[in-house]
Amino acid sequence: MAAQDADELADLAGASESGYQELGKLVGQYRTLGAKSPPHGPTAPWQGGGNFRIDPLPAIAILLALVTSRRTAAALLITRGEGSDRAVFLVERSPELRFFGGYWALPGGTVGDEDQPGLGLDHALQSCAHRELFEETGLLRHRLPPNRTGGEALVGAREQLLASASPGKDGGAPPPSPWPSLCAGTVPPVPLRELCRIETPPFAPVRYDTAFFHVPLEHCVAGTDGARPDVWRGELVQGRWWLPQQALASWRNGDLLLVPPVVILLQHLARTADFEHFAAEIASTTNGYREGRLHQVRFSPGIVLAPLRTPTLPPATTTNCYIVGTDKLWIVDPGSPHPDEQARLLALLDELVADGASLAGILVTHHHRDHVGGVNALSRARDLPVRGHPLTLTRLEPGYRAGAALDDGMRVPLGRSPDGNNGWELLAVHTPGHDRGHLCFRESRYGTMLVGDMLSTVSTIIVDPPEGHLATYLRSLERLATEPLTTLYPAHGPALRDGQRLVKQYLRHRRQRETKLVEVLQQSPGTLDELLPKVYWDADPKLFGFAARSLLAGLQKLQEEGRATESNGRWQTVG
């Protein structure tokens, strides 16, 4: 993950546009902890430009810090109508946004200084919810004096609010928020009803603890377009009213991208016309999440992401187990060896079976321990066959029910797709390099792909000889670059909508790292230990053990190509 500009780093880290300043601070913290400055330095400030170049920064230290980053946020369930006619207002996020760009979501945002968090979390969340309601939809619940609502006063106040939420000119500080002064002297409205709270599961490097508030449209007393939502183009593209069933049907048809928490809320809304029953059910479900139940996280139809704690490599702390299917469920990479995590997975599977599905079997992408640590326990607990590449199956510990081996081009039937079409299936794609028996799985209806450890959205991938082979890994990446690929599901990190973009970033990173290696060798031959701090000058010495394996893989690739030689442990270029 070296040599990436700020846009790409934010994309991989799951950071939003507003996170650039935080990322910049983390870079500064990282350097003060012992890393040297980049040889070429920054080309522009972090704020707004997206041109800060890190050359070649693995960003592991930054991402380690981001793993523990939590933000408090408010989201707004704006409704109109009653019973089966109740509709929800959703907004489409700009495709250019790094965080859920192109997805439909609820209006909302993170708590800011203008929300006065020092007065308590409840106060800050209410302030944030009302501020975001005005900022993103132009609606107000505050009864303001006429001089603040008449003419163009509200439009001007909203323009100032949006300006205060954006970076200032030339990377300077943004203007102060007008929100406190807009509400000054008014009687606060009756607090919004908090329906539930959902915290991002631990697969993401930036986790949001979000309170979801109900906003009946009739409770809004003013707005920039009267008493109706008014979305201005910018971070948001458009907004519209959806019946829950209508939005879910469009999502299942592949016509609509929905952020995972909205899928959960819409599914609960679609089950009942009684709002109080919905409120009780969503509170029960999300309280279960906070007590340890696994979320049903869906970035696209038919795939549930379940992050399980595993003995994996930093910065990851979990491995994503995937449950693929609607009628017949295949569990991909149940990697946790921990009984408590295995119990959480079994509970989630029981929920899905209770909804009418059946368990078909277990698929494994490769044999590494953080991917197969729970295979035997799950196979025995539910009498499920285990399928994978022949090189993987022969390396699993005995004790599982063996299924048919899978090789390149073989297909796994899934039954009916989420939109009701028959012939849905997974295609096995052999992608050696990280591991000789590594398989990716591409599903046929939406073009999504489960990529195992070929790529990650929280870190780089270690290619560890002799099992790992860099030239082979690059050929596998190049093959993935030719696959019709939409959403990419990695083993570590959140799913990514534009999977091909990440594949290209990985290829570019590997080329840039090789260029740096050749440059160092041309300047001075050396042993692995001597070359390591020069090639990985920016890495935390505590991580040199991991970096050394990738360095060896790079040296061996140059040797295979006749571009480097090794004698008595010393490496040098040829010619």
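These are my notebook entries on what I looked up in a predicted model.

**Ground rules.** I number residues from 1 along each chain as its sequence is written, and I leave out hydrogens and water, since side-chain values use heavy atoms. As the model is predicted, local features need pLDDT of at least 70 and side-chain atom pairs count only at pLDDT 80 or more, while totals for chains, interfaces and linings use all residues.

**Whole chain.** I found 18 helices and 23 strands in the chain, taking helices (H or I, at least four residues) and strands (E, at least two) as DSSP runs numbered from the N terminus. Of the 575 residues, 58% are buried, where buried means under 20% relative accessible area, exposed over 50% and partly exposed in between, with a 1.4 Å probe and protein chains only. The chain exposes about 23,400 Å², of which carbon and sulfur atoms supply 51%; the areas come from the Shrake-Rupley method with a 1.4 Å probe, and for residues only the protein chains shown count as cover. I also looked up contacts (heavy atoms within 4.5 Å): among those between residues at least 6 apart in sequence, 64% join residues at least 24 apart.

**Nonpolar cores.** I take a nonpolar core as a set of buried Ala, Val, Leu, Ile, Met, Phe, Trp, Tyr and Cys residues joined through side-chain atoms within 4.5 Å. The largest has 53 residues, of which Leu77, Leu90, Leu106, Leu258 and Phe299 touch the most other members. Helix H9 (residues 260-270) gives the most to this core, with 6 residues. A second, separate core of 23 residues includes Val304, Ala306, Cys321 and Ala357. Returning to Leu90, and leaving aside its neighbours within four places in sequence, I find contacts that include Trp104, Leu106, Trp242, Leu258, Val262 and Leu266. For H9 itself, 9 of the 11 residues are buried, so the helix is largely enclosed by the rest of the structure; among the buried ones are Val262, Leu266 and His268.

**Helices H15 and H18.** I noted that helix H15 (residues 470-480) and helix H18 (residues 544-560) pack at an angle of about 90°, with their axes 8 Å apart. Axes are lines fitted to C-alpha atoms, for helices over the stretch in contact, and angles run from 0 to 180 degrees between N-to-C directions. The two helices are therefore roughly perpendicular to each other, a label that covers 65 to 115 degrees, with angles under 35 roughly parallel, over 145 roughly antiparallel and the rest oblique. Leu470, Ala471 and Leu474 of H15 meet Ala553, Gly554, Lys557 and Glu560 of H18. H15 is mostly covered, with 8 of its 11 residues buried, and what covers those buried residues includes strand S18 (439-443), strand S19 (449-452), helix H16 (499-523) and H18.

**Two single residues.** I placed Leu352 in helix H11 (residues 339-354) and counted it as buried because its relative accessibility is 7%. Leu352 and Leu329 are 23 residues apart in sequence and 8.8 Å apart in space, C-alpha to C-alpha. Leaving aside neighbours within four places in sequence, Leu352 is in contact with Gln296, Arg298, Ile323, Leu329 and Ala357. Thr210, by contrast, lies in a strand, S7 (residues 206-216), and counts as buried at 12% relative accessibility. With the neighbours of Thr210 within four places in sequence left aside, its contacts are Ala73, Ala74, Ala75, Cys196, Arg197 and Ile198.
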